[in-house]
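Welcome, and please open the model in your viewer.

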Amino acid sequence: MLKFFRKIRRGLLSEKRIGRYMLYATGEILLVVIGILIALALNNRNEQRKTEEQVEAIFSEIMEELVSDIKETRMPMAYYAQRDSTMHLVIAGKVTYEDYEKGRLPWINSLLDFYNAVNLTQHAYDNLVGNLDAVSPKFRPVIKDLNTLYHYNKDYVVEANNDLSEFIAEHRYHGMRNYPWFYGRNNEEREKIIKYKLEDFRYKNLVEEFRILGTGNQLRQSIAYRRKAIECYKQIAGLLNKPAVHESFSFDTEIAEVLLGEWYVLEDSNYKFTYFMRDERLFVKNNFNDNQSEVFYVARYNKLLDSGMNYAAIMKENDETILKFYNYSLKKVH
């Protein structure tokens with residue numbers, strides 16, 4: 001090809017056709033420029049494709065971390081499912097000396113001894129923040145929601161963790177400094193501990209405060225984080241053409257079959273609740289307002305948790321399923 005163009009140039013020069021030669025030279029230059037531009041465009045397209053793939057890889061990593069965080073929010077659900085009924089009984093003064101002595105109720109002798117932090121991640125999000133210039137406009141709406149998740153919802157969870165940590169530490173330090181029998185090293189000291197928990201109103205107040213900080217704050221904020229994380233997950237899944245529903249936030253189908261339908265309050269049949277599925281998650285609504293809220297299942301303890309941070313044990317009575325909350329029970333309408 002190069003020899004062909006040289007032959008043309010020599011022929012034009014030998015015939016002294018300067019005008020045609022200049023026209024040919026200009027055309028040749030244009031061909032070279034066009035070739036360079038095409039090569040640059042292809043290179044830019046390849047670079048853009050690589051950048052888009054890198055950004056999509058970051059969003060895929062964010063989806064994985066969101067799943068990890070959604071699973072982490074199950075921890076406080078299970079943690080308080082063990083302790084919720086015991087805390088209510090202690091606060092109401094419905095426990096006995098024998099309950100403490102024989103440990104008849106879950107965690108009754110160590111309600112205020114420790115707590116579990118909800119540990120959330122954001123490594124992939126931080127990576128995204130460092131590459132925002134490369135993110136295409138289609139991801140902008142979900143980035144706004146991710147900012148809310150990590151700079152609002154997560155902050156509240158961390159704050160709730162810290163509040164519980166400070167409460168447990170303060171309770172421990174106060175006990176060590178003021179009560180020689182605080183750790184109950186022998187029978188006599190253990191007897192004093194039980195009497196203190198039964199007779200001193202301050203202990204009930206401490207349990208109530210722990211319940212408020214725990215189920216009322218840490219658990220509530222964890223569930224708020226969970227809801228926002230699911231919303232972000234589904235948005236990203238849509239943008240990446242991936243399934244929008246993940247098993248980490250899908251409700252147990254076998255339990256759902258038991259719960260779906262209308263239930264009435266045993267103590268007052270005028271009040272009814274209806275359980276229904278939406279996007280493979282379980283929700284409940286009542287017959288006296290328009291509120292609809294998600295319901296969670298703690299498989300390990302066979303309990304439900306509603307958005308009011310109320311637990312219900314799933315029980316069988318006379319071959320019928322009863323949902324037994326602390327202060328009321330539900331029975332299915334047939």
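How many helices and strands does the protein chain have? Colour by secondary structure and you can find nine helices and eight strands, where helices (H or I, at least four residues) and strands (E, at least two) are DSSP runs, numbered from the N terminus. Before going on, note that this is a predicted model, in which local features need pLDDT of at least 70, side-chain atom pairs count only at pLDDT 80 or more, and totals for chains, interfaces and linings use all residues. Residues are numbered from 1 along each chain as its sequence is written, and side-chain values use heavy atoms, with hydrogens and water left out.

**Whole chain.** Of the 334 residues in the protein chain, 37% are buried; buried means under 20% relative accessible area, exposed over 50%, and partly exposed in between (1.4 Å probe, protein chains only). Now consider contacts, meaning heavy atoms within 4.5 Å. Among those with a separation of 6 or more, 62% join residues 24 or more positions apart.

**Helix pair.** Select residues 140-178, helix α6, and residues 201-239, helix α8. Their axes come within 9 Å and cross at roughly 160°; axes are lines fitted to C-alpha atoms, for helices over the stretch in contact, and angles run from 0 to 180 degrees between N-to-C directions. α6 is therefore roughly antiparallel to α8, a term for angles over 145 degrees. The residues of this contact divide into 20 nonpolar, ten polar and six charged. Here Ala, Val, Leu, Ile, Met, Phe, Trp, Tyr, Cys and Pro count as nonpolar, Asp, Glu, Lys and Arg as charged, and the others, Gly among them, as polar.

**Y179.** Next, select Y179 in the loop between α6 and α7 (187-199). Is Y179 buried or exposed? Y179 counts as buried because its relative accessible area is 15%. Show H174, Y196 and R202 too: Y179 touches them, not counting residues up to four places away in sequence. For a distance check, pick the C-alpha atoms of Y179 and E189, which are ten residues apart in sequence and 9.8 Å apart in space.

**S293.** Finish at S293, in strand β4 (residues 292-298). S293 is also buried, at 18% relative accessibility. Leaving aside neighbours within four places in sequence, S293 is in contact with L282, F283, V284 and S307. Which side chain makes a polar contact with the side chain of S293? That of S307, at 3.1 Å; a polar contact is a pair of N or O atoms within 3.5 Å, and within protein one must be able to donate a hydrogen and the other to accept it, while residues adjacent in sequence count only if both atoms are side-chain atoms.

How values were computed. Angles under 35 degrees count as roughly parallel, over 145 as roughly antiparallel, 65 to 115 as roughly perpendicular and the rest as oblique.
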